[in-house]
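Subject: Structure handover

Hello,

Here is the structure I promised to pass on. Please have it open while you read the notes below.

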Amino acid sequence: MNLKERQWIIGAVFLLISIIFIGRLAQLQLFSSELAQYAARLTQERELLEPARGLVFDRNGELFLDNKAGYDIFFTPRQCRIGGGMDTLALAQLIDLSPAEINKAIQKAEAYATYRPSTIRKQMPASEFAAIAGELWRFPGIQSRRRSIRTNKSGLASHLLGEYREVDRNDLQTNQDYKLGDYKGKSGLELQWETELKGQKGEKFHLVDVRNDYRQSAQEGELDFLPTPGTNLTLTLDMELQAYGERIMKGKRGSIVAIEPNSGEVLAMISAPSYGTDLLTGRKRGVHYDSLLHDPDKPLFNRTMRATYRPGSIFKMIQGLLALDQGVISTESRIACDRSIIGCHGPHTYDNLGGAIVHSCNPFFHEVMRRMIQPRKSTSVFEEARHELSGWTTAVRRFGLGTNLGGNFPGLRSGSVPDTTLYDKFYGAKRWAYSTIYSISIGEGELLTTPLHMANLAAILANRGHYRTPHVIKSIGEAGKPRGLDSLMNSRVSPELFAPIIYAMNAVTESTEGTAPLAQVPGFKVCGKTGTVQDSEGNHSVFIAFAPAENPQIALSVYVENAGSGGDWAAPIASLMMEKYLTRNVEQSQKEKRILGATYPFPNAKK
Amino acid sequence: MRRSAPILQRIDWLTSGLMITFMALGLFNIASATSGAEAVDWFALDSKVGKQFIWVLIALGVAAITLIVEGEFFIRTTVIHYTVNVLLLLAVLVIGKTVGGAKSWFGFGSVSLQPSEFAKTGTALMLAWLLSRSDGKIRNAKVLVQSVLIVCIPAALIMLQPDAGTVLVFGGLIFAFYREGLSGNVLIAVFCALLILIATILTGASFFDYPLLGMQSSIGWLWMILTALGILIWQLVPGWVVPRNRKRVRRATIICLASTLVFSAGIHSSLEGVLKPHQKERIYVLFGMDVGNPDADYNIRHAKAAVSSGGLTGKGFLHGPMTAYGFVPEQETDFIFCTIGEEWGFAGSALTVFLYTLLLLRILVIAERQRSDFTRIYGYAVASILFMHFLINVGMVLGLAPVIGIPLPFVSAGGSSLVGFTLLVSILLRLDAERSYILR
């Protein structure tokens, strides 16, 4: 071959390579998206913009839950290395961490990702941050980001409002909306209304450089959108009443639940002892939680909903109403106070229904219940009791006892109204009669109920037979009360039959023989009933009441553990609460002083 | 045409125009790759683009001087030119400064010069000088040995730096040798050697569960197949070859088989024993093998991603985040083609490839139109050198060649290479301008 012709071969090789290159360029740039997507992932970073969480107000627009400014401190290991490292001890001191804590945080960050920021100090309050912000530049790889901190400034209603804290593994798995490091409601209303409160995150897309620093907005911000703030909640609680209730219950174990009878709106829910929700936010949560958890007073325990007690004498009103309804007694029927069957107290001997309520006569109600479930018409007492009890159980449950009260309170215990199944299981079928189970006639035995149920009972009495399911939500945003929150329920006991009971309940507080003169509120007609529930560590002091008698504005239950008789402690507490709510003021300073001075353990509780 | 006709009328404007186009392309893309997507300060001397701007001016100055010097000057000083280059390559091994593991640079304050960039010109001149003076050209064994030596001396010195990329570029001179009469079989042999090399790497890195022997590299299969192929050809000889040639063909078969096996075994053992782990990884990554190190293909993955994200028309000048924000390494020098791909898309990068091909083919045309053997051989050497740079650099960015750091001529940032290539091409332009009054 002529050597000159070799130019064509060499030229062909050059051309061939060019064609291969252009083919490869077409493959990469025109026909494959995988690598381009990879490039987009590398260079674009989505920043999630936190929405402001919904605020929580009381019924008068006072703020229960607010968001305050805070800062998270981040650490990016790679940036620190590029920046020449840092004095971790100085940083620890600056952001108030122990040397061990900061070393652990740095190790964790290294293990997570060297080029991405990890949080090393969460929820630093704005005041603290302001003091150190000027120093942070000294530490390469340290950044801060604004993040709001949930705060319950008043420290009130902590049990009800619940906890707002960092998501755990379980939350991340069950809900895609949450990302590591997010916060959410974990209990109480914060959890129940999480969807409404949390709002929607916004997104902002940035172009980042290889050090993952934001450089500019991606695609001119076309993809970005702002966060939608969470919906505000208005509660039915009255903050002033709640605050007062928590104040007078300080140092005691027990609870107060107050309800507006005609609406079912809960006005106050006090579980004592309480704690400030803010103790359980922020970095010292673990320590605080631990000490609260091991406190013998069980401050974390929400007694208003979770504690089930025997109701004691306050149950006698239901017994009286059912007896009238079934016709086993009339208002004038008198029954001898036969203390050989069951213990009693006070100088009465032969009461009618009204008297029996005023004196809280045990033998009277023992006999009333016997007439209901053991009328001695059948040959077998066992069969008869078993047969009659089921009707009684159903009737009692219509007063809300043993039910979930409409289900507005997650975590509310139903308590227990014993039925035939329970006794059959316990004693065996036909192995029990009224004589076996008579202690339930006076609200003892197997009856169990929460303070919320007791307050609801007071509301039923105030309403003469019906109630609206209790609830704490007055409005969600501007939308008003959600439907189905306040269903109308009825005890099916005719309203006229309530008159003698209410008359007697008024006498409990006003007659000279009444068990609760301390429950009086000057200027108002108060109806109430004491209970003194036996307990090995001292009797529980119980009182339910409503006022004013003719046009009830407030119905409530007060339960003070191991304090003594109902009239001594629970009644005056109820009195103060009612006065506070009805007059917005408390004039009974002597009474108030006595209550404020009393703390657990009560000296005369066992009498 | 009179000898005194102005030089500007006689130089090849297509070549010089392409050269200046590539320099401008380089400036734009260096600006984009180094300014972090912010406003470019073209004349700030402390910025990379500012420095490159100065180097472009220097390169144009060098070109101007080269074009007014008589071509005869370059031919007559070839030996001195070459000797000085070799001495500089020796000197850099002694007093050079080490950058990135290679002792390739002379440092003068903030300016560094890389003698190997200039050695290409010296070697091309020397090769042209020797081959144009020798009778019988390259088919004469003595001349072949001499010319191979001319290439190997600077190549060996550069290998000592070490700078494997530039050594490979010297290997590209095989095209010039071929044009001057080197047997085509050598080209075929080189091509076969490449195939064997790739097969060796692939089989050497894959594993096979042999009964009794356990997991072993499957390189044994390759060798067995090659041997079987040799025996097959041996067996086929009586049927296919006329009797008088049979003995010769069989001997050639044996030699080919033996050298193939020795070559493959040599590659395999050096791959296993001599290469450092990161070099081995680079080679495996090129073939898409999983090396168990996610960072092993970091450079090439990011380079390909940058090119790919350009799409058809690219993200626009200063708008390529991959290159502007440091995701691609060496983005203003060896990986400058990424910026072209990302910001100018398929349209821009295919055009660049086209223009390069045009330049290479134009140089072939220039070489072929010479009466002077010297200029023709020099022209082929220039084309070979530029082609190797183009092949390795663009091939690397596109993931078709291993990561070997050599610049894209006229485009990559760096003074030595820019001035070196300008000198290389300018000498050709000057010699070409004089072609009409050269007597054979």
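What follows is a short account of what was found.

This is a predicted model, in which local features need pLDDT of at least 70, side-chain atom pairs count only at pLDDT 80 or more, and totals for chains, interfaces and linings use all residues. Residues are numbered from 1 along each chain as its sequence is written, while chains are lettered from A and ligands numbered from 1 in the order in which they are written.

**The chain contact**

Chain B puts 35 residues into the contact and chain A puts in 31 residues. Contact here is C-beta atoms, placed from the backbone, within 7 Å. On the chain B side, the elements giving two or more residues are H9 (174–179), H14 (298–309), H15 (321–324), H16 (336–368) and H17 (373–397). H16(B) gives the largest share, 11 residues. Helices (H or I, at least four residues) and strands (E, at least two) are DSSP runs, numbered from the N terminus. By type, the chain B side has 22 nonpolar, 10 polar and 3 charged residues. Nonpolar covers Ala, Val, Leu, Ile, Met, Phe, Trp, Tyr, Cys and Pro; charged covers Asp, Glu, Lys and Arg; polar covers the others, Gly among them.

**Helix H1 of chain A**

H1(A) covers residues 6–29. Its buried residues include Ile10(A), Phe14(A), Ile17(A) and Phe21(A). Buried means 20 or more other C-beta atoms within 10 Å of the residue's own, with C-beta atoms placed from the backbone. The buried residues of H1(A) pack against H2 (34–43) of chain A, and also against H9, H14, H16 and H17 of chain B.

**A sheet in chain B**

Chain B has an open, antiparallel sheet of 3 strands, in the order E1-E2-E3. E1 (97–99) and E3 (111–113) of chain B are the edge strands with a single partner each, so one side of each has no neighbour in the sheet. Pairing requires at least two DSSP bridges between two strands. E2(B), residues 102–108, is joined to E3(B) by 3 bridges. Phe108(B) sits opposite Val111(B) in E3(B).

**Domains**

Bounds come from an automatic or database domain assignment. In chain B, domain 1 is 7–181 + 354–437 and domain 2 is 191–274. Their centres, over C-alpha atoms, are 38 Å apart. In chain A, domain 1 is 46–65 + 146–235 and domain 2 is 239–273 + 301–597. Here the C-alpha centres are 41 Å apart. The contact between these chain A domains takes 17 residues from domain 1 and 14 residues from domain 2.

Best wishes

How values were computed:
Two residues are in contact if their C-beta atoms, placed from the backbone, lie within 7 Å. The expected span of a helix is 1.5 Å times one less than its number of residues. A residue is buried if 20 or more other C-beta atoms lie within 10 Å of its own, exposed if 12 or fewer, and partly exposed in between; C-beta atoms are placed from the backbone.
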